Amino acid sequence: MLCYASAFSILVSCHNGKKNYNPFLLCSHSLLHLRNITPSKMNGFSGEEFSFTFLDEGFTAKDIVDQKINEVSSSDDKDAFYVADLGDVLKKHLRWYKALPRVSPFYAVKCNDSIAVVKILAALGAGFDCASKTEIQLVQSVGVPPERIIYANPCKQVSQIKHAANNGVQMMTFDSEVELMKVARAHPKAKLVLRIATDDSKAVCRLSVKFGATLKTSRLLLERAKELDLDIIGVSFHVGSGCTDPETFVQAISDARCVFDMGAELGFSMYLLDIGGGFPGSEDVKLKFEEITNVINPALDKYFPSDSGVKIIAEPGRYYVASAFTLAVNIIAKKVVIKEQTGSDDEEEQNDKTLMYYVNDGVYGSFNCILYDHAHVKPVLQKRPKPDERYYSCSIWGPTCDGLDRIVELCAMPELQVGDWMLFENMGAYTVAAASTFNGFQRPTIYYVMSRPAWQLMEQIKEQGFQAEVEEQEVTLPLSCAWESGIEHYPAACASASINV
Ligand SMILES: *Cc1c(COP(=O)(O)O)cnc(C)c1O
């Protein structure tokens with residue numbers, strides 16, 4: 001079994017959580033049995049190690065959530081925690097190449113800088129979008145070569161530009177004349193990528209107010225770069241995070257073509273198109289990943305046909321990590337608010353209370369995504385509700401003393417008690433990365449898991465790279481198992497637009 005131990009510090013634990021409601025899973029407790037395998041170094045890999053648990057056959061990340069909850073059921077020690085399915089990240093990588101075969105992903109580290117995520121993507125051969133010295137250091141600490149890094153922050157501190165220069169990182173974005181002058185002094189050999197603005201008016205998080213040159217400015221910048229003897233290798237853009245209109249990509253790709261043509265006129269031979277991020281990371285979105293890529297591909301073929309010799313990259317963040325992370329929070333306090341009412345019917349009386357739950361992670365922690373990322377989260381009940389269970393209007397609050405610290409304004413759930421758990425799915429993007437410890441509340445621990453087939457497939461990809469064969473397997477291999485187990489979730493009937501006023 002040591003053959004599995006080539007990459008990470010592997011803590012393999014036996015999954016023997018009690019299954020109480022899913023007979024499908026009761027079959028398998030057999031396969032496991034390795035513990036604390038000594039790590040050995042993976043090719044081109046070094047740095048801090050991390051542990052993950054192999055999922056036993058037929059088990060899912062959700063089972064590990066249940067197992068962790070069972071483990072602490074009789075104790076008071078019920079801190080919030082994450083379970084992150086690294087197989088899901090791998091699955092996303094395969095799906096990426098299937099949907100965008102011409103585009104190499106450079107993962108945007110800011111979205112989730114967990115060492116495990118960075119290492120998995122490094123092992124899979126992805127590139128990285130870093131925005132700071134610290135992100136560059138993180139990515140280089142796991143052995144990623146500088147050619148696989150783009151310093152994709154158009155406005156950089158001079159000392160950090162020098163850090164990039166001293167560490168071989170050459171690709172970097174810019175969108176202003178002042179930045180060109182800084183780079184000319186601090187990193188004259190840089191391979192510059194001109195970031196253009198996009199029409200991001202329909203994106204959830206707009207970026208082009210802050211970054212991106214207009215076409216007119218682009219011409220001036222190209223001229224200035226020529227005077228400064230700087231090398232401009234291509235064009236980048238970002239349509240805004242949470243893109244809701246794929247036509248934005250088409251317009252931006254066509255604008256990029258214009259800038260390539262301007263560059264050619266001025267004597268630049270540009271060869272890199274960077275289509276940025278903005279791709280959805282979960283299925284609970286209006287516009288699915290493939291709906292976007294189905295629009296992008298023909299635009300790429302039209303404006304940058306394969307024989308143009310232009311290399312195309314992207315900077316997906318959310319896409320890779322959102323769905324891999326599930327957060328479990330515990331109810332630490334509860335208030336029952338009785339509404340004044342005149343009715344005499346018992347049932348009505350019962351229904352006329354609203355419940356306030358206080359849980360042990362909030363907007364200063366993982367749920368900062370509500371403030372910064374305009375996220376709308378909804379809880380999933382950990383315990384299956386009884387068929388006739390009554391639902392109440394509830395609000396959910398974080399643990400800090402700030403009134404702003406509210407997670408859900410209104411949703412309908414069965415009555416829960418202090419000590420009960422709520423789960424939040426799709427919590428991998430812009431959550432842990434920006435969480436603070438305000439008021440003394442610590443960030444949740446992250447437990448990483450991966451199925452054995454996912455692990456084997458990863459090993460195979462590391463050795464052989466992507467091949468048609470590997471892509472074929474994607475269809476049949478239970479990478480993260482989450483969809484094959486038949487596990488049902490019991491979602492709280494959460495505030496739809498009609499009640500959430
Ligand atoms: C934030 C960011 C990304 C990632 O955006 P997603 O919407 O998470 O894909 C990519 N590139 C740049 C320059 C960014 O600032």
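This is a predicted model: local features need pLDDT of at least 70, side-chain atom pairs count only at pLDDT 80 or more; totals for chains, interfaces and linings use all residues.
Modeller: Residues are numbered from 1 along each chain as its sequence is written, and side-chain values use heavy atoms, without hydrogens and water.

Colleague: Happy to start with the ligand: which residues come nearest to it?

Modeller: A residue is near if one of its heavy atoms lies within 4 Å of the molecule. There are 14 residues around the ligand, and those that come nearest are Lys110, Ser241, Glu315, Arg318 and Tyr430.

Colleague: How far is a polar side-chain atom of Glu315 from a nitrogen atom of the ligand?

Modeller: Good one! A polar contact is a pair of N or O atoms within 3.5 Å. The side chain of Asp129 has an N or O atom 3.0 Å from a ligand nitrogen, and a polar backbone atom of Arg318 is 2.9 Å from a ligand oxygen. For Glu315, the distance from its polar side-chain atom to a ligand nitrogen is 2.6 Å.

Colleague: How much of the ligand's accessible area does the protein cover?

Modeller: Accessible areas come from the Shrake-Rupley method with a 1.4 Å probe. On its own the ligand has 390 Å², and the protein covers 94%.

Colleague: How do the residues of the shell around the ligand divide by class?

Modeller: Ala, Val, Leu, Ile, Met, Phe, Trp, Tyr, Cys and Pro count as nonpolar, Asp, Glu, Lys and Arg as charged, and the others, Gly among them, as polar. The shell around the ligand divides into 4 nonpolar, 5 polar and 5 charged.

Methods:
A polar contact is a pair of N or O atoms within 3.5 Å; within protein, one must be able to donate a hydrogen and the other to accept it, and residues adjacent in sequence count only if both atoms are side-chain atoms.
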